[in-house]
Amino acid sequence: MTTPVVSIAYHSGFGHTAVLAEAVRDGAADAGATVHLIKVDEITDAEWELLDASDAIVFGSPTYMGTASGAFHQFAEATSKRWFTDAWLDKLAAGFTNSGSKSGDKLHTLQFFQTLAGQHGMTWVNLGLKPGWNTTEASENDLNRLGFFAGAGAQTPNDLGPEGVHKADIATAEHLGRRVAATARTFALGKVAA
């Protein structure tokens, strides 16, 4: 059986997004992947090489002012060296984000990640969950409680630290990690068969 390699390239300004990155890692590892956590604002040459060798890269950032953080944007621009050589062509990609508001324009951050992945010729892995918490019998403790399809969206009140990240959002991020790892395994098997 092929062991997929999943790298999580993320920025976390105050620790909330780091909690989600760790949840994605846990989900991917639980599904049998080898997983690397990479802080994009501290990235080393060796970590760039880990990204290049990965089967899947999961992008993560807080949503600040309606988009990914400045630190993540700097990382995204630095990936142009990979774009010129097609280093990430045909890899899988996915994404997650957190903001202080229920919407907080998180969709724009996820779409930024999708566009970045598309420019690299990567294949996007969506969340694969129906929305939770959208009926009178549903609960804020449902998976995908905020109803995102493109990736994992989380909401943490601005006056709470990383310990305040909602348990359902952590579970949703774990789900994303498992889905990415399972999809990477399926893609790897397809390459072997071809």
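Student: Which residue in S5 is the bridge partner of isoleucine 57?

Tutor: Alanine 93 is the S5 partner of isoleucine 57. Helices (H or I, at least four residues) and strands (E, at least two) are DSSP runs, numbered from the N terminus.

Student: What kind of model is this, and what pLDDT do local features need?

Tutor: The model is predicted: local features need pLDDT of at least 70, side-chain atom pairs count only at pLDDT 80 or more, and totals for chains, interfaces and linings use all residues. Residues are numbered from 1 along each chain as its sequence is written, and side-chain values use heavy atoms, with hydrogens and water left out.

Student: Back to the strands. Do S3 and S5 pair in the parallel or the antiparallel sense, and over how many bridges?

Tutor: The pairing of S3 with S5 (residues 92-99) is parallel and has 7 bridges. Strands count as paired if DSSP finds at least two bridges between them.

Student: And S1 with S3, parallel or antiparallel?

Tutor: Parallel, with 5 bridges joining S1 (residues 5-10) to S3. Within that pairing, alanine 9 has phenylalanine 59 of S3 as its bridge partner.

Student: Which way does S4 run against S3, parallel or antiparallel?

Tutor: Antiparallel, with 2 bridges between S3 and S4 (residues 67-68). Threonine 63 is bridged to alanine 68 in S4. The two strands make a hairpin with 2 residues between them, and methionine 65 in the turn has a positive phi of about 50 degrees.

Student: Why is S3 described as largely enclosed?

Tutor: Because 8 of the 9 residues of S3 (residues 56-64) are buried, the strand is largely enclosed by the rest of the structure. Buried means under 20% relative accessible area, exposed over 50%, and partly exposed in between (1.4 Å probe, protein chains only).

Student: Which residues have the most contacts inside the largest nonpolar core?

Tutor: Val6, Ile8, Val58, Phe96, Leu176 and Val180, in a core of 29 residues. H1, S1, S3, S5, S7 (152-155) and H6 (167-193) are the elements that give two or more residues to this core. H1 gives the most, with 7 residues. A nonpolar core here is a set of buried Ala, Val, Leu, Ile, Met, Phe, Trp, Tyr and Cys residues joined through side-chain atoms within 4.5 Å.

Student: What does valine 180 touch?

Tutor: Leaving out residues up to four places away in sequence, valine 180 touches Val6, Ala56, Val58, Leu92, Ala94 and Val125. Contact means heavy atoms within 4.5 Å.

Student: How many residues are in the second core?

Tutor: The second core is separate and has 21 residues, including Ala9, Leu51, Ala93 and Ala150.

Student: Switching to H1. What span should its 15 residues give?

Tutor: At 1.5 Å a residue, H1 (residues 16-30) should span 21 Å, and its end C-alpha atoms are 21 Å apart, which agrees. The expected span is 1.5 Å times one less than the number of residues. Among the buried residues of H1 are His16, Leu20, Val24 and Ala28. Just after the helix, glycine 32 has a positive phi of about 95 degrees.

Student: Is histidine 166 buried or exposed?

Tutor: Buried, at a relative accessible area of 16%. Histidine 166 lies in the loop between S7 and H6. Apart from neighbours within four places in sequence, its contacts are Glu140, Asn141, Arg145 and Gln155.

Student: And threonine 85, buried or exposed?

Tutor: Exposed, with a relative accessible area of 57%. Threonine 85 belongs to H4 (residues 80-85). Its C-alpha atom is 9.7 Å from that of histidine 120, 35 residues apart along the chain.

Student: Last one, the whole chain. How many helices and strands?

Tutor: There are 6 helices and 7 strands, in the order β-α-β-α-β-β-α-α-β-α-β-β-α. The radius of gyration is 16 Å, close to the 16 Å from the globule rule for 194 residues, so the chain is as compact as a globular protein of that length. That radius is taken over C-alpha atoms, and the rule is 2.2 Å times the number of residues to the power 0.38. Buried residues make up 49% of the 194 residues.
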